[in-house]
Structure formats: structure tokens, C-alpha cells
Amino acid sequence: MAKIIRDEDVSLEPLMGKRIAVIGYGSQGRAQALNLRDSGLDVVVGVRRGGPSWGRAREDGMEVYEIPEAVRQADVVMMLLPDMVQPRVWEEQVRPNLRPGTVLDFAHGFTVHYGLIRPPVDVDVVMVAPKGPGRLVREEFLRGRGVPALVAVWQDATGRAWDTVLALAKGIGATRAGVIRTTFREETETDLIGEQTVLVGGLMELITKGFEVLVELGYQPEVAYFEVLNEAKLIMDLIWRYGIVGMLERVSVTARYGGLTVGPRVINEDVKKRMFEAAERVRSGEFAEELLEEYKRGMLTLEKLMNSRRSHMIEKVGSEIRRMVFGEGGE
Ligand code: NAD
Ligand code: MG
């Protein structure tokens, strides 16, 4: 079984007296920068002057520089920009300013694994990939907990890369929840396969199709929304806390019997076969290529798909219900 590395196993010492430059101040950038600072480390932020992140970081009391200057000062450079943006910023602003012996850190293996960024041989290349959204990385830290993370070393130029990456994971709060060693390849492929087939793509589609079935059968959309979307969270909380069998033990006998007999007929071997097909497109690099093409064309397909989702009935019903539940502007 993979060893789970905990807070008490790791020291912040490798980062003491080091300057960490967090490049990008979005979802992960802001969360990680604040957590590292609250862990007592020396953090600066590198973003575009005048961009929205510049003001946000200043408001948070961060020392803010343009990206080339932040990189020049840094012993550790954290690439927390969107994956599609990273290659260009890397070529133009990061690589020319990197010193030998610097630690280059990523939150996802995508750009390195698919060869979009080719780091020089004299830097450490590491990854701390939180297994949760950036916002939660910050919120959990403030609650004295953490979001679990995967750590990896792609290149160990200094001989100290493992100690450094674990220290980063500790500084972010991830070791409080548990950290597992992986490789850039395993993290990248499992992350993409997981988000496409289960987390983002799978869940979204399962809930939407379930909603459509109830509405097309003539039931009230509000009832359908509570049933397949709202309650999905409550069931997921049980699975998260107690496991699948633990969830089954906590729902009614009726739900347990119905779920066990009907579930495998709906999500059947055909679905699994298509999951394998999606996985193959990730492993062959075909998906990464498609995404890059889409990015070069200005993300038009993405925008079109988002717009069609925005006009789906589940969104209209959902925004009414969420207004009721969370209050005005409560999103
Ligand atoms: P984001 O979109 O939230 O943040 C983007 C940041 O990059 C912002 O500060 C933005 O101003 C800046 N930026 C955007 N375009 C830029 C440009 N052209 N030049 C300079 N700066 C630019 O990104 P994110 O979701 O935090 O993702 C960062 C990394 O973290 C990615 O590798 C991603 O895969 C990984 N990751 C994200 C999450 C998550 O919860 N979002 C979870 C795990 C891993
Ligand atoms: Mg992902």
C-alpha cells in the first residue's frame, strides 16, 4: 500500500531562509501563497502589473512583482498559472530568469509531462498537486486542516528535491490531510481521466440526465432538482466520510436494495468501456493535443458548450432554488 506521509513526518527546514515566488494568483496561487505565508515562509507573488490578480495580491498584503522580477528573486518558483498559459509565460518570462539550483514547482503535471515545458537540467522540478479546489486549500488550512495532495519529483538536480517538495506540501497544509508520492505521469493521467469520466464530466452528466428523465416524465422540475442534484451532495458526504458500503449502511433498506440492483444496469459495462476509451485518449496525448488546438483557436468550442449549459432548465431551476436556500446573491 502507498505510504501516506503526515505532518509529523516532514520538516519545513529545507525552505527556511528561501524565497518562494508564487507565479499566478488565481485559484491555487492565492490559496497556496497565503498558506505558505501563514506557515512562516518568505513568499512573494509574480503577476501581470495592473491585472486583476495584482490588486488582489496587494490587498492580501503580499509583496508583488512582475513575473520576471519575482523569478529573479526566487529560490523556489511555483508555476500556478492555467496550464494552457504556462508554456508561453515559461518561454518569455520564467526560463530566461531562472538561476541554477532553483526549485521549479507545479500543481499539476500537465505541461511537463506532455513536453510543453522543458526545464533546463540544473533546476529541481517538483510537483505538489492538491486533490481539491484552491478555495478549499485555503479554507481547510484556516480550519486547522488541509486538502490531501500528491507529490512528485521529475528532476532532482540538487539531490534535495524530495525534502523540498515535502516541505512545500507541509507549508500548504497538505500533510495535515496526508500526502502520497507519485510521478508526473501518474498524476497527470489520473487527474485528467478522473475529471473527465467521474468528477466533472461524469457527475455533471449523471445529474443532468437524471434530471431530464424526471422532468420528461412530467414531475416538477423543483422536485427533480432536489432529488438528483441537491441530495447528491448529501449522499457524497456519506461516501466521503464512511465509504461506499458505509453509505449503503446509512440509507434506507429500500434505497440500498434499489441502488444495488438498478445502479449497475444504468452505469453498466458499456459505460466502463467508454471510460477506457477516454483514458486511452489521455494516455496517448490525443486529448492534450486537442486542448492545445482549442486554446490556439481562442477556446470557441468551450464557450459554445458553456453557453448551451447556461440555458439548460436545470440552471434556471437551480438558480431559483439556490436563491431561496442561500439567500440573495448567495452564490
Ligand atoms: P487560475 O485560472 O485560477 O489562475 C490563473 C492565474 O494566472 C491568475 O492569477 C491570472 O491572472 C494568471 N494569468 C492568466 N493568464 C495569464 C497570462 N497570460 N499571463 C500571466 N498571468 C496570467 O488557475 P488555477 O486553476 O489556480 O490553476 C493553476 C494550476 O493549478 C494549474 O496547473 C492547474 O492545473 C493546477 N490545479 C488547479 C486546481 C484548482 O482548484 N483550480 C486544483 C489542482 C491543480
Ligand atoms: Mg485537474
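A residue counts as buried when its relative accessible area is under 20%, as exposed when it is over 50%, and as partly exposed in between. Keep that in mind as you explore this predicted model.

**Stop 1: the magnesium ion**

Select ligand 2, the magnesium ion, and show the side chains of Asp191 and Glu195. These two residues are its protein donors, through OD of Asp191 and OE of Glu195, at 2.1 to 2.2 Å from the ion.

Now color helix H9, residues 184-199. Asp191 and Glu195 are separated by about one helical turn, because they sit 4 residues apart in this helix.

Is Asp191 buried or exposed? Its relative accessibility is 18%, so Asp191 counts as buried. Glu195 has 29% relative accessibility and therefore counts as partly exposed.

**Stop 2: around ligand 1**

Next, select ligand 1 and the 21 residues around it. Which of them come nearest? Look for Tyr25, Ser27, Gln28, Ser53 and Asp83.

**Stop 3**

- Ser53: a polar side-chain atom lies 2.7 Å from an oxygen atom of ligand 1.
- Gln28: a polar backbone atom is 2.8 Å from an oxygen atom of ligand 1.
- Arg48: an N or O atom of the side chain is 3.4 Å from a nitrogen atom of ligand 1.

Ligand 1 taken alone exposes 830 Å², and the protein buries 74% of that.

Conventions
Residues are numbered from 1 along each chain as its sequence is written. Chains are lettered from A and ligands numbered from 1 in the order in which they are written. This is a predicted model: local features need pLDDT of at least 70, side-chain atom pairs count only at pLDDT 80 or more; totals for chains, interfaces and linings use all residues. Side-chain values use heavy atoms; hydrogens and water are left out. Donors are N, O and S atoms within 2.8 Å of the metal (3.2 Å for Na, K and Ca); water is not among the atoms, so sites may look incomplete. Helices (H or I, at least four residues) and strands (E, at least two) are DSSP runs, numbered from the N terminus. Buried means under 20% relative accessible area, exposed over 50%, partly exposed in between (1.4 Å probe, protein chains only). A residue is near a molecule or strand if one of its heavy atoms lies within 4 Å of it. A polar contact is a pair of N or O atoms within 3.5 Å; within protein, one must be able to donate a hydrogen and the other to accept it, and residues adjacent in sequence count only if both atoms are side-chain atoms. Accessible areas come from the Shrake-Rupley method with a 1.4 Å probe; for residues, only the protein chains shown count as cover.
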